[in-house]
Amino acid sequence: MIDYLAEESKTSPFLERRSIPSGGNMLTPITRNIWGFEHDHFMPGGLHFRGRTTVLRLPSGGLLLHSPNPVCDPLAAELEALGPVEVLVAPNSQHHVHFGPATERWPDARRWGAPTLVEARADLHFHHTLGRDTPAWGTVFTPHTIAGIPWLDETVFFHAETGSLVVTDLFFHIQRPANWQSRLFFWLYGLSGRPAQSPIVRMMAKDKPAAGRSAHTLLQLPVTRLVPAHGPVIEEDAASVLRRVLTRQARWAPAALTSSD
Ligand SMILES: [Fe+2]
């Protein structure tokens, strides 16, 4: 788990973060009314991995962009051919580096941000706060805020029409790290080769029962597809995979307590 806006990266050329469009910077259908496009992120220490922007078509016909990546003109044209970009979502404390350029490209889009971002990135001028305000589109792309882990401050989303759960850093799905530094990093954190939750997420929990109840809430959803920000979409045994990656978090709360969530 990495803070993309680490202060060091602003001040040290050795820690400068850079990112370039990748071969994945193409709009790809995921399922009905959902698309994605990826971007290569290069982090301090040689770490290299991809991040996905998930694109959802709203009932209005407009688009919601979840965790916006850099968008080149041809990709923007592809998106706008699907519908006008109406909503931009910064879903957790970490995914905001490329949000500003998205707001410049689509200044009329409504901006939703995690509470920590709304406070820390006033320059992004968010209109709404995830977990506090109720989105009109929430009936089709339902937000579920992960309680008890304020460092991550993540809201995940469930698209009931397709059974798709869209997550950001709640867990990763790094199949093949790109270089030895990335292999080492993801191996050390137990994130290599399979869907897994970073131990840092659990280590940073401040209210474990609350975080556990959030995990149980997700486990009660009729999930048939997992769309992580980092790694391939999971369609095989998605519910089982979700159960496995959230097992430790879910143990923090008895299942019997989840009915009130
Ligand atoms: Fe991330």
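The model is predicted, with local features requiring pLDDT of at least 70 and side-chain atom pairs counted only at pLDDT 80 or more, while totals for chains, interfaces and linings use all residues. Residues are numbered from 1 along each chain as its sequence is written.

I then checked the pairing of S5 (residues 63–66) with S6 (residues 85–90), which is parallel over four bridges. Strands are DSSP E runs of at least two residues and helices H or I runs of at least four, numbered from the N terminus; two strands pair if DSSP finds at least two bridges between them. S5, helix H2 (residues 73–82) and S6 make a right-handed β-α-β unit, meaning that the path from the first strand over the helix to the second runs clockwise with the strands pointing away from the viewer.

On the S4 side (residues 48–57), I noted antiparallel pairing with S5 over four bridges. Val55 stands opposite Leu65 in S5. The S4–S5 hairpin has five residues between its strands, and Gly61 in the turn has a positive phi of about 95°.

I examined burial next (buried: 20 or more other C-beta atoms within 10 Å of the residue's own; exposed: 12 or fewer; partly exposed in between; C-beta atoms placed from the backbone). Both faces of S5 are covered: Leu63 and Leu65 are buried on one side, Leu64 and His66 on the other.

Finally, I listed the contacts of Leu64 (C-beta atoms, placed from the backbone, within 7 Å). Not counting residues up to four places away in sequence, Leu64 touches residues including Leu56, Val89, Trp137 and Phe141.

Terms used
Two residues are in contact if their C-beta atoms, placed from the backbone, lie within 7 Å.
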